[in-house]
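Subject: Handover of a structure and the findings in it

Dear colleague,

Please find the sequence and the structure below. The findings follow after them.

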Amino acid sequence: MNSIRLRSFSHFFLALFLTLAAVGNSSAQDVGAAPAVSKEGVTPGSSDAGNAGAAATPAAAATPGAGGGDAAAIAAGDALFKGNCAQCHAVNDVVVGPALAGITKRRPVSWLIPWIKNSSKVVASGDEYAVKLFNQYQKQQMPSFQLSDQEITSILAWVTSQEGGGKAATGGGAGTDKADPATDTKLGAGAEGGAGQYADVLLIVLVVVLIVLVVTLVIIANIMKDVLRGRKDLDGRDIEILEQRFDWSKLYKSSAIRIGAGVVFTLVILYESVQGAMGVGLTQGYQPTQPIAFSHKLHAGENQINCAYCHTSVYKSKSANIPSANICMNCHSQIKTESQEIKKIYRAIERKQPIQWVRIHNLPDLAYFNHSQHTQVGGIECQTCHGPIQNMDVVYQYSPLTMGWCINCHRETPLNTKGNGYYNNLVKLHDQANGAAPFTVSSNGGTECSKCHY
Ligand code: HEC
Ligand code: HEC
Ligand code: HEC
Ligand code: HEC
Ligand code: HEC
Ligand code: HEC
């Protein structure tokens, strides 16, 4: 009866270890969760926020943002910027919209918040700066964003931290490099860098602390075993526990472990094949070599030739035709006549055969897309869908051209209904039903299957 209860000793250490692990884990996740202020959950930490509460200490989860401070706001801003703004803005370069460096010096925050929430409202209010900017950018409308004031300030904080090319603040910076198609596909993935980094450092520290703890505990346990072996008053069960060894071969033979490993293996294979299957037919970044080394950078960029000079029907009809050799000859009957590349144009004309340009953008036949609806009626810039063509020596497919891509834009883009009597009643009904939500392309039926499918 007076034997020492070894079990309670080992249970005590196990409990101590688990508590430390749980506390460490939950505070790490809490830091990760702090920047996750977005409703859409663009930041990776958001999905962990629930776990942090469930793991151990609810108190830790109840104070998100505590101790996060500026770094967390900047990290959140980074993710929000990449998720919402990077397709049109960079900090130090003009993309579709202006470069945002120095924005907080140009404009007060009290102007920026309503602008980012709904720029067309600010333009419509007659604000002088807004109207001028809007006209300067060919009346291209920046979409409305349902972001909170806090989310907008964190975007601005991030922009400020990046000014003057300083990319060090949050590492990554992947979303800003527009010229590289490979990075463009990762606009969403880039969001993970910023918010996660802060938590990573903490995690590493915690892992080191835990390893030190485990080693210390093993040493203590061994010392105690030695002490106990010296004692005479142990009963049979205690000796059995004392001499217990961890049997690795048992672990290997255990069917539970084998089944577990099998399940994990199958899940990994399944995940990989689903990912692979989802990529089938996706041709983003496709950049074939063309029969003549025609450069958009040289023509549309440096020589400022209007897109519609060559793609003559882009504002008038469904498709944006590719120019015939005759259009090239308007200039190349005089310009660069000795060039090997230009001689290919002459040869095509002599043989009365069209130049065999390789088609890049190609929707499947089941989908209907109309250029004039977007460029002329919708007033969307070519670059919104095709990227910085004027900087491309060789054209590549900039956008994914998936159904999700079309639909996202239709959900987000407000329809220009001003001065169009056709919409008056529709907009009135929409506003009654939806309050402040903007009248978007999808409000007008732009996400109905039959609009895009024959
Ligand atoms: C679809 C493209 C697009 C997206 C996405 C976009 N913008 Fe813009 N933005 C523009 C354009 C174009 C302008 C120029 C004004 C105009 O034409 O309306 C502009 C102007 C601005 C300005 C004023 C700049 C100045 O120099 O005064 C700010 C600030 C701004 N955007 C912030 C943002 C933020 C923040 C986001 C993300 C939440 C964002 N924009 C997303 C296209 C976009
Ligand atoms: C001097 C004539 C010329 C001008 C100006 C021009 N393009 Fe092109 N464009 C071509 C030719 C030729 C091709 C086919 C060869 C190629 O893909 O490079 C082409 C191809 C394209 C493609 C890819 C078509 C496909 O196969 O899917 C896009 C997109 C495009 N142009 C957009 C633009 C935009 C946007 C502008 C204005 C910024 C522009 N182009 C200005 C001649 C021109
Ligand atoms: C509006 C005038 C214009 C049109 C139309 C035009 N080009 Fe050009 N092209 C130029 C100019 C300007 C240059 C630059 C010449 C220089 O570098 O001195 C050029 C250069 C080139 C070059 C580079 C030649 C070399 O060896 O450096 C190629 C290739 C070319 N054009 C192909 C085409 C093709 C193909 C078309 C028809 C789809 C076309 N161009 C239509 C004006 C035009
Ligand atoms: C709303 C997005 C969007 C805008 C804006 C847009 N395009 Fe396109 N463009 C597409 C899609 C999608 C295709 C593929 C169409 C298909 O395969 O039927 C395409 C195809 C093309 C092609 C290949 C020929 C064709 O018609 O299939 C050219 C050239 C082109 N676009 C030029 C332009 C130019 C120039 C502008 C600006 C004046 C422009 N695009 C604006 C989405 C857009
Ligand atoms: C950059 C934003 C954007 C993208 C990307 C985009 N659209 Fe649109 N789309 C618009 C806008 C804006 C309008 C409304 C134009 C208007 O009528 O004022 C529109 C209108 C339409 C309409 C007419 C809807 C109606 O109510 O009559 C069709 C059809 C359509 N788009 C098809 C497509 C398809 C297919 C794609 C993808 C290949 C696509 N769009 C991608 C912005 C976009
Ligand atoms: C804004 C335009 C648009 C609307 C609205 C739209 N689609 Fe699509 N859909 C597309 C485009 C573009 C593709 C081709 C995308 C691709 O190849 O990845 C597509 C592809 C598909 C495909 C895949 C076909 C295949 O071969 O992979 C199916 C199925 C489909 N759509 C069904 C629907 C249904 C059902 C609806 C209504 C709920 C709908 N779509 C509404 C544009 C649209």
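Helices (H or I, at least four residues) and strands (E, at least two) are DSSP runs, numbered from the N terminus. In this sense, residues 255-274 are 100% helix and 0% strand, and their end C-alpha atoms lie 28 Å apart. Residues 201-224 are likewise 100% helix and 0% strand, with 35 Å between their end C-alpha atoms. Both spans carry the UniProt annotation "transmembrane region", which comes from an unreviewed entry. UniProt positions are given in the numbering used here, feature names are shortened, and annotations may be inferred rather than shown by experiment.

This is a predicted model, in which local features need pLDDT of at least 70 and side-chain atom pairs count only at pLDDT 80 or more, while totals for chains, interfaces and linings use all residues. Residues are numbered from 1 along each chain as its sequence is written, and chains are lettered from A and ligands numbered from 1 in the order in which they are written.

Confidence and overall make-up

The predictor's confidence in each residue is called pLDDT and runs from 0 to 100. For the protein chain its mean is 77, and 76% of the residues reach 70 or more. Two stretches stay under 50: residues 1-10 and residues 20-68. Two residues are in contact if their C-beta atoms, placed from the backbone, lie within 7 Å. Beyond four places in sequence, the model has 10 contacts for residues 1-10 and 86 for residues 20-68. Where pLDDT is low, the predicted coordinates should not be read in detail.

The protein chain has 23 helices and 0 strands. Among its contacts with a separation of 6 or more, 71% join residues 24 or more positions apart. A residue is buried if 20 or more other C-beta atoms lie within 10 Å of its own, exposed if 12 or fewer, and partly exposed in between, with C-beta atoms placed from the backbone. Of the 454 residues, 21% count as buried.

The largest nonpolar core

A nonpolar core is a set of buried Ala, Val, Leu, Ile, Met, Phe, Trp, Tyr and Cys residues joined through C-beta atoms within 7 Å. The largest one has 27 residues, and those with the most contacts inside it are Ala75, Ala76, Phe81, Ile155, Trp158 and Val159. At least two residues of this core come from each of α4 (69-84), α6 (109-117), α7 (119-124), α9 (149-162) and α11 (187-229). The largest share, 8 residues, is supplied by α4. Leaving aside residues up to four places away in sequence, Phe81 touches Ala86, Ile155 and Trp158.

A residue is near a molecule or strand if its C-beta atom, placed from the backbone, lies within 6 Å of it. For the classes, Ala, Val, Leu, Ile, Met, Phe, Trp, Tyr, Cys and Pro count as nonpolar, Asp, Glu, Lys and Arg as charged, and the others, Gly among them, as polar.

Ligand 4 is surrounded by 19 residues, of which Ser319, Ala320, His361, Cys382 and Cys385 are the closest. Helix α20 (382-386) gives the most to this shell, with 4 residues. The shell divides into 10 nonpolar, 9 polar and no charged residues.

Around ligand 5 there are 25 residues, and Gly378, Cys406, Cys409, Lys451 and Cys452 come nearest. Helices α19, α20, α21 and α23 each supply at least two residues of the shell. By class, it has 14 nonpolar, 10 polar and 1 charged residues.

Ligand 6 has 16 residues around it, with Ala367, Met403, Cys406, Cys449 and Cys452 nearest. Two or more residues of this shell come from each of α21 (403-412) and α23 (449-452). The shell consists of 9 nonpolar, 5 polar and 2 charged residues.

Individual residues

Ser450 is found in α23. Ser450 is exposed because 8 other C-beta atoms lie within 10 Å. Ser450 and Ala367 are 83 residues apart in sequence and 9.5 Å apart in space, C-alpha to C-alpha.

Most residues other than glycine have a negative phi. Gln304, in the loop between α15 (296-302) and α16 (307-310), has a positive phi near 55°. Gln304 counts as exposed, with 8 C-beta neighbours inside 10 Å. Lys352 also has a positive phi near 55°. Lys352 lies in the loop between α18 (340-350) and α19, and counts as exposed, with 7 C-beta neighbours inside 10 Å.
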